Amino acid sequence: MPTDWEGIWGKAEGAERPPWDLGGTTPAVAEFLRENPTPLGKSVLVPGCGTGYDVVAFAKAGYEHVVGLDISPTSTKAAREHAADKDAPAAHFETADFFTYSRQVDLLFDYTFACAIDPSIRDAWAAQLANLVRPGGHALVMMYPLRPLDNEGPPFAWSVEQYCHYLEPNFSPVFIKECAGEGRRKGFQLLSLWRRRSPPQPVESDL
Ligand SMILES: C[S@@+](CC[C@H](N)C(=O)[O-])C[C@H]1O[C@@H](n2cnc3c(N)ncnc32)[C@H](O)[C@@H]1O
């Protein structure tokens, strides 16, 4: 059965935050932005952005147009409230389904989105990543959670090999590396950067 994300967000509204929510910028994103002060292009998309802490972080780091996308209107509301006093005019939030979204960007950041979707639609996730990142652009993908899980999910477990299997047809790896981690996720995640390959060009015949 598909996950009722709006229902989960509705319940979280009364509580402090939803269970996955770190309450601030993902440490690996802060580290990545420190280590890469020159933006990898102008536009960023963060699918399944939740409260949007990372959207604000990219916007404040010099990216010119950063969109946080989430299927839950309650999440979008929380993200807009969070960003309101952060002096980050480049941060924008939209309620939309990642799988039908169509605006291409220079950089896409996936954190706890790939692990939130059902494993049966990973092909569609990878195809959308390739559609949404312009040729020559980048996908920054947190590989998580890299360990077997005993619950039904989400989150659904991934392996490094599975991420590579889905990404390699359209992206070349730039790095896969250890990164700053938080609490119980430390040791079960790797940060990866991928460059979108250009689609093959038709060969011109000189006949
Ligand atoms: C596990 S949460 C992670 C949120 C955020 N990345 C974080 O780390 O705090 C997954 C998010 O993806 C959103 N989501 C699930 N399916 C989606 C879809 N098809 N399109 C856009 N957002 C989706 C959910 O509403 C939820 O906010």
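User: At what angle do helix α5 and helix α6 pack?

Analyst: The model is a predicted one. In it, helix α5 covers residues 122-132 and helix α6 covers residues 160-167. Their axes lie 9 Å apart, and the packing angle is about 55°.

User: Is the crossing of α5 and α6 left-handed or right-handed, and which residues of α6 meet α5?

Analyst: The crossing in which α5 passes α6 is right-handed. From α5, the residues involved are Arg122, Asp123, Trp125, Ala126 and Leu129. In α6 they meet Gln162, Tyr163, Tyr166 and Leu167.

User: How is the aromatic pair of phenylalanine 58 and tyrosine 63 arranged?

Analyst: A search of the whole structure gives 12 aromatic pairs. For phenylalanine 58 and tyrosine 63, the ring centres are 5.6 Å apart and the planes form an angle of 75°. Planes over 60 degrees apart fall into one class, and this pair is accordingly edge-to-face.

User: How is the pair of phenylalanine 109 and tyrosine 111 arranged?

Analyst: Phenylalanine 109 and tyrosine 111 have a centre-to-centre distance of 6.2 Å, with 10° between the planes. An angle under 30 degrees defines the class, and the pair is stacked.

User: Which residues do ring pairs link into a cluster, and are they buried or exposed?

Analyst: Phenylalanine 58 has 0% relative accessibility, and tyrosine 63 has a relative accessible area of 2%; both count as buried because they are under 20%. Phenylalanine 109 and tyrosine 111 are buried as well. The cluster linked by ring pairs contains Phe58, Tyr63, Phe109 and Tyr111.

User: Over which rings do the charged ends of arginine 147 and lysine 177 sit?

Analyst: The charged end of arginine 147 is 4.6 Å from the centre of the ring it sits over, that of phenylalanine 188. For lysine 177 the distance is 5.1 Å, and the ring is that of phenylalanine 175.

Conventions: Residues numbered from 1 in each chain as written. Predicted model: local features only at pLDDT ≥ 70, side-chain atom pairs only at ≥ 80, totals over all residues. Heavy atoms only, no water. Phe/Tyr/Trp six-rings, centres within 6.5 Å; stacked < 30°, edge-to-face > 60°. Buried < 20%, exposed > 50% of the residue type's maximum accessible area, 1.4 Å probe, protein only. Lys NZ or Arg CZ within 6 Å of the ring centre and 35° of its normal. Axes fitted to C-alpha atoms, helices over the stretch in contact; angles between N-to-C directions. Helix = DSSP H or I, 4+ residues; strand = E, 2+ residues; numbered from the N terminus. Left-handed = near helix turned anticlockwise from the far one by under 90°. Contact = heavy atoms within 4.5 Å.
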